[in-house]
Every structure is written in structure tokens, then in C-alpha cells.
Amino acid sequence: MTAALAVEGLSVQFRTRSGVVHALDNVSFSVARGETVALVGESGSGKSVTAYAVMGILDPAGRVTAGRAMFGDIDLLAATPKALAEVRGRRIAMIFQNPRTALNPIRPVGRQIADVLIRHGGVSRRAAPEHAVEMLRAVGITDPARRAKAYPFEMSGGMCQRVMIAIALAAKPSLLIADEPTTGLDVTTQAVIMDLVGDLAKELGMATIFITHDLALAGQRSARIVVMHAGHVVENAPTKELFANPRHPYTAELIAATPDSAQSLDALAAIPGSLPDLRRADLPPCRYSERCPRKIAACAQPLPAAAPGADHIVACWNPLPDRALPVAYPQTVSAA
Amino acid sequence: MTALLDAADVFKLYPAAGKRLWTRLRRRLAGGPENVPKVHAVDDVSFTIGKGETIGLVGESGCGKSTLVRALTRLIDVSEGSIKLNTRELALKPARVFARDRDRARIQMVFQDAGESINPRFTAFAAIADPLRRLRRLRGQALRQRVETVAGQCGLPLQLLARFPHQLSGGQRARVGIARAVAVGPDLLVLDEPTAALDVSVQVVILQLLQRLKAQTGMSYLFVSHDLSVVRLLCDRVLVMYLGKIVESGPAREVFEHPLHPYTQALVAAVPRLHDDGGERLRLTGEPRSPIDPDPQVCRFYGRCPRGTDACRTTMPALRRFGDREVACHFAEEFLPQPRSLS
């Protein structure tokens with residue numbers, strides 16, 4: 001499978017009044033065509049910053065200090081604004097977190113979809129409104145002709161999110177980035193929206209990056225999970241493998257803290273400590289080491305490099321024992 | 001268990017039209033306020049909360065959960081119905097008067113987003129002290145002592161008491177919100193999605209804190225949430241609400257393991273699980289019916305329900321009792337687990 005997007009060694013800093021925030025450090029992962037990869041982490045782990053950096057829509061205070069994001073043969077991080085504008089919206093699309101604030105509040109939703117169709121979809125101005133209605137129908141909005149004239153405030157959260165999806169998919173992109181698409185929606189609506197994104201992705205053969213803090217939801221909806229903590233990728237593995245055989249201590253704690261898996265409240269494990277202050281100059285090489293129960297002397301060295309071609313990548317010197325194979329990961333063996 | 005709070009036939013209706021000139025005119029043309037269309041936010045809800053019991057209230061946004069808890073905590077007035085705390089009737093007291101009532105301290109509320117429900121110009125200390133000043137008339141040393149005790153109980157380090165909400169993390173703010181509510185020693189604590197804005201790791205800590213507090217003080221909880229996996233762990237009993245009505249209630253574990261109402265079934269099926277078997281899931285289609293003057297003969301779930309027969313369109317299913325569970329569906333029997341546990 002060829003990668004639709006390959007992010008390599010991405011580092012991002014933010015300049016703030018109280019110092020430089022090292023928001024992302026050496027983040028690498030890739031998404032194959034037609035595959036769904038979930039970026040999972042708690043707030044402040046750098047999931048959204050990763051997406052924004054790839055899309056070239058970082059806040060002006062943010063700066064990409066290293067890395068590449070290869071989309072086909074274009075490096076999105078080095079592309080000129082003009083080249084980026086060609087790709088963005090047409091070949092890469094994004095669904096934002098809060099549909100109500102991401103949509104234009106003073107423009108009917110049908111017009112907003114038509115705008116994208118005209119700009120990116122190669123649809124004529126005259127034909128666009130009709131196409132927009134079709135798009136609304138495709139995302140499952142009943143009575144689309146009437147709804148096309150509605151403003152975002154006249155629609156429920158779930159319907160606004162459908163409109164966002166229609167806008168994102170208007171130009172049939174090959175990569176979709178969905179940043180917490182269902183936060184703030186009911187579980188029943190969440191299931192419907194996620195089904196819709198999944199079905200459309202399958203239909204268009206689209207690669208999807210799905211950003212969420214909900215490990216259970218990520219597990220249900222993606223083939224591969226990338227776990228982030230404080231701007232690092234700590235573990236990257238196929239979904240089933242990650243749940244059956246978590247190797248990074250943070251991943252294991254995250255799974256243990258998810259209420260779904262527990263039989264009683266006492267069985268739930270809290271994760272001690274909190275994220276390190278990313279403004280510190282003396283950040284340890286492993287940003288989890290200060291909260292980590294498995295910390296050893298080796299943790300003071302720079303994190304182990306991923307073995308090329310490895311399917312299950314763990315950024316840890318002292319990972320949990322592999323439940324499948326005792327010595328599957330050479331880089332961890334040499335360190336131990 | 002003796003009932004601490006007994007809510008019977010509670011209604012809360014809002015006029016559907018706003019305050020604009022046009023709607024006022026229409027109201028006049030319709031012949032008075034009685035004939036204005038009404039939003040049935042809470043429609044004939046009855047239930048009790050026992051002493052020391054934890055009740056979960058679940059349902060989708062717009063189903064009336066928040067209106068119901070606001071009515072119970074007496075922040076708003078009910079349109080009809082009775083709310084009894086022990087034996088005292090509270091529903092007749094206007095909300096404004098109840099704010100200074102001697103029983104105000106007995107029902108307290110933890111609001112959804114602690115970041116937004118704490119006055120940004122109050123320090124953590126002032127936020128927790130405020131209800132103590134107003135309801136317990138504590139001053140000076142006694143006040144300081146009580147605030148510090150409660151902060152300690154809620155796991156809030158004392159040096160954080162001087163901070164403003166924006167200087168606290170999400171978890172710490174949630175602790176302030178809880179400390180403020182339990183400071184006056186309530187009998188009933190109403191929690192409106194207290195962990196919705198928190199990360200899982202912090203959520204665990206807050207849930208365990210709530211459980212510990214309950215064990216220490218013997219308070220009752222009414223826990224509003226749409227995270228069913230949390231409700232399953234924390235609550236003894238659960239009420240499922242749909243469009244202003246309770247459609248199912250019963251022991252939390254049983255309701256989630258064998259949901260009887262189709263809405264509960266869809267709700268349970270929609271919860272993402274860590275170890276998903278990938279089996280066929282029940283999906284809801286369409287939008288909920290309008291809550292404005294709903295037809296009293298039609299089941300509220302009709303149209304979205306995968307079942308939806310003619311009977312559902314002509315007779316509103318009443319809440320029927322099966323053992324310790326209640327369901328409002330004509331076809332509940334079909335989903336009853338085999339008689340052993342229920343009879």
C-alpha cells in the first residue's frame with residue numbers, strides 16, 4: 001500500500017510571552033490509501049497541532065522547525081502558499097471540531113457547500129446550487145432542498161456536522177482529516193456520523209486521519225492507532241494489536257483509565273501526574289518519564305529510533321513485555 | 001430505603017414563541033397564553049431518590065434532562081407537579097423565594113463545565129466560601145476552617161485556594177465545583193455532566209472522588225450524563241429520558257445489559273467499546289420528533305423507532321412496571337430476559 005500521507009520528524013514550536021512551547025517533537029506516522037488512522041491522546045498532547053501543521057493552518061505564533069509531510073510527491077510543509085491552496089480543500093479536506101463555529105453563521109449552508117464546489121470541485125456557478133442539494137442528500141439530510149437555505153443556527157449539532165462533512169467531501173479529496181468530529185454530539189448521533197464518514201471514505205477510497213481523545217471510539221473506527229503524549233508519538237500499532245498488547249506504559253494506563261473496560265469504579269486506574277510544562281528548556285528526552293512507573297536509567301537517553309518497517313512502534317526504553325513474542329522489537333532488546 | 005426526594009407528575013412547559021412583537025401579536029390573536037404552542041421540556045415525570053442512592057439520568061441533548069434537574073434543584077419553577085424533600089413540598093415555593101429557604105442547602109448542584117460556572121473573579125476560596133456565607137452564615141475563622149476541610153476532602157491542595165479559575169487545571173476546577181456544592185453539607189447532590197470536559201485520566205480521579213465523598217457523607221446523587229459507561233459504573237439506578245418523558249428505568253447494570261426500550265437499546269449500542277466485536281449495531285435514523293405540542297396519542301419515539309407499528313401511532317405507551325424496572329413501550333415483554341431475575 002502506498003502512503004497517502006507520510007509525516008516524518010515533524011517538530012512544531014509556539015512562541016508565547018512566557019517562553020517557547022515545544023508543542024511537537026519528532027512526530028512521524030503515515031496513512032495508507034483507503035486506511036483510517038486514529039491520533040489519540042489527552043488534551044495538550046499535540047493531536048490537533050499535528051493536523052493544523054499538515055494543513056498549513058497553524059496559528060501565526062507556531063513554527064514548523066523540522067520535518068516533512070509528504071502528500072504524494074509534495075512536501076506540504078515546504079510547499080508555497082499557492083501550491084498548498086491547490087491541494088487544500090481539493091485533495092486534502094478537514095472536518096473541524098465544532099461545526100457550529102466552523103461554519104459561516106451568516107451564509108446559508110447550501111451556499112457554503114456551493115462555494116467549495118465552485119472553487120475546488122470544478123462545478124459551474126450555475127450548476128453548483130443543485131449539486132449542493134445533492135451533497136446534502138448524500139450526507140443523509142432529509143428534505144435537502146429546504147435545508148440548503150437554512151443557516152447553521154437553524155440546524156442541530158448533528159446536522160451541522162453533516163454539512164461540514166458535505167463541505168469537506170465536496171471535491172472528493174483523497175485525504176480527510178477529521179479533528180474530533182463528534183465531540184459535543186450525542187452517542188447516538190456520534191454513531192451515525194462516524195458511520196457516514198466511514199461509508200463515504202470507503203466509497204471514495206479516501207485515507208482518513210481521525211483525531212480523538214476517545215480510545216474506545218478510535219478502536220472501533222480505525223485500522224491503526226497512533227498514541228500521542230505531550231507532543232511525542234509514544235506508540236503506533238494496528239488497533240487490535242494495540243489493545244491486545246500495549247507496550248508503552250502510557251498506552252496501558254490510558255486503556256486502564258477508560259471506563260468501558262472496567263467492572264467497577266475502583267478497578268479504573270488513574271494516570272498519576274500531569275503533562276510536563278512544554279515551555280521548559282530541560283524537557284527530558286522521554287516526556288512521559290516523570291510520570292512513568294517503569295522509569296529506568298536508560299530513559300535519560302534520547303528515545304529509541306523506530307526500526308524501519310516495524311509494524312508496532314514503541315518509543316520507550318523499558319516497554320511492557322510483549323505478550324505475543326518475547327523478543328519482537330530489536331531496539332528494545334539492545335536497550336534492556 | 002426511605003425516599004429522600006419524591007417527584008410526582010412533574011411538568012415543565014415553555015411557550016414556544018419568544019418575546020418579539022410578532023409572537024406577542026400571534027399570542028393575542030390565539031386568544032391568550034393558554035393557546036400558545038408549548039415546548040414540553042418535561043412531560044409527566046415521576047420518580048424517587050432514596051437516601052444514599054445514586055441515580056443516573058441519561059438521554060440525548062434536548063431531551064429535557066437539564067430542565068428536569070433545574071426544576072428539581074428548584075432553580076426554575078415547575079409548571080405542574082410536586083417535588084417533595086422528605087415530606088416537605090417544595091414545588092409550591094417560587095424559585096426566587098427558595099433561594100433563601102432553609103432547605104436550599106440540602107439540594108446542591110455541580111454544574112457542567114466548572115470553568116464556566118465559577119465566577120472568574122472569585123478565587124477558589126471565595127467560590128467555595130460563598131454558599132457557606134449565604135446559607136450557613138459562617139464568618140471569619142469558622143468559615144476558613146470549613147472551606148479548608150472541604151477543600152481537603154475534595155483533594156484540593158490548600159495553596160491553590162488563592163488562585164482564580166483560569167489559573168487552575170480542568171481537574172482542579174472540577175474539584176472546586178464539587179467542593180462548593182458539598183460545602184454546605186447537602187443531602188442531595190445533583191451532578192450535571194461533571195466530567196464531560198475532562199480527559200479520561202482526570203475523569204477517573206473525579207469519579208473516584210465522588211464515590212469516596214458519598215461513602216463519607218451518605219449523600220444521594222442524581223448524576224446526569226450521556227456517557228453510559230460512566231453511569232454504569234457509578235449509579236445504582238438509571239432513568240432514561242426521551243423527549244421530556246422517562247421511557248425506561250431500573251437498576252443500572254440490568255438496564256445496560258438488557259435494555260427493554262428500543263431507544264435504550266440504540267443508546268447502549270451506540271456506546272463505543274474498547275473490545276468491539278464488530279457485530280450488527282442498532283442504528284437510529286432521522287431526527288427526534290418536535291417537542292412543541294406533541295400529539296398525546298403518539299409514542300414520542302415513533303418515527304425513529306425501528307419497530308414503529310400502528311399501535312405506537314394511536315396509543316402512547318404508558319410506563320409499565322416489570323419487577324424493579326419500568327418501561328414505556330408496547331413491546332417491552334419481548335425483550336424481557338427469561339423470568340429468573342424478573343417476575
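**Exercise 1. Find how many bridges pair β4(A) with β5(A), and in which sense the two strands run.**

Solution. Strands β4(A) and β5 (residues 74-75) of chain A pair in the antiparallel sense over 2 bridges, where strands (E, at least two residues) and helices (H or I, at least four) are DSSP runs numbered from the N terminus, and two strands pair if DSSP finds at least two bridges between them. This is a predicted model, in which local features need pLDDT of at least 70 and side-chain atom pairs count only at pLDDT 80 or more, while totals for chains, interfaces and linings use all residues. Residues are numbered from 1 along each chain as its sequence is written, and chains are lettered from A and ligands numbered from 1 in the order in which they are written.

Next, take the partners one by one: F71(A) has I74(A) in β5(A) as its bridge partner. The two strands form a hairpin with 2 residues between them, and G72(A) in the turn has a positive phi of about 65 degrees. On another pairing of β4(A) (residues 62-71), 7 bridges join it to strand β1 (residues 3-16) of chain A, and these strands run antiparallel; there E8(A) has R68(A) in β4(A) as its bridge partner.

**Exercise 2. Work out which strands stand at the edges of the sheet of 7 strands in chain A.**

Solution. Begin with the order of this open sheet, which is β6-β7-β8-β3-β9-β10-β11 (chain A), with mixed pairing. The edges are held by β6 (92-95) and β11 (313-314) of chain A, each of which has a single partner strand, so one side of each is left without a neighbour in the sheet.

Then look at the pairing of β6(A): 4 bridges join it to strand β7 (residues 175-179) of chain A, and the two run parallel, with I92(A) opposite L175(A) in β7(A). Helix α7 (residues 157-169) of chain A packs on the sheet and touches β6 and β7 of chain A, its direction making about 170 degrees with that of β6(A).

**Exercise 3. Describe how helices α4(A) and α5(A) pack, and name the residues that meet.**

Solution. Helix α4 (residues 109-120) and helix α5 (residues 128-138) of chain A pack at an angle of about 110 degrees, with their axes 8 Å apart; axes are lines fitted to C-alpha atoms, for helices over the stretch in contact, and angles run from 0 to 180 degrees between N-to-C directions. The two helices are therefore roughly perpendicular to each other, given that angles of 65 to 115 degrees count as roughly perpendicular, under 35 as roughly parallel, over 145 as roughly antiparallel and the rest as oblique.

For the contact itself, G110(A), I113(A), A114(A), L117(A) and I118(A) in α4(A) meet residues of α5(A) that include A128(A), P129(A) and H131(A), contact requiring C-beta atoms, placed from the backbone, within 7 Å.

**Exercise 4. Is A230(A) buried or exposed, and where does A230(A) lie?**

Solution. A230(A) lies in the loop between β9 (224-229) and β10 (232-238) of chain A, and has a positive phi of about 50 degrees although it is not a glycine. Most residues other than glycine have a negative phi. With 26 C-beta neighbours inside 10 Å, A230(A) counts as buried, since a residue is buried if 20 or more other C-beta atoms lie within 10 Å of its own, exposed if 12 or fewer, and partly exposed in between, with C-beta atoms placed from the backbone.

How values were computed. Two residues are in contact if their C-beta atoms, placed from the backbone, lie within 7 Å.
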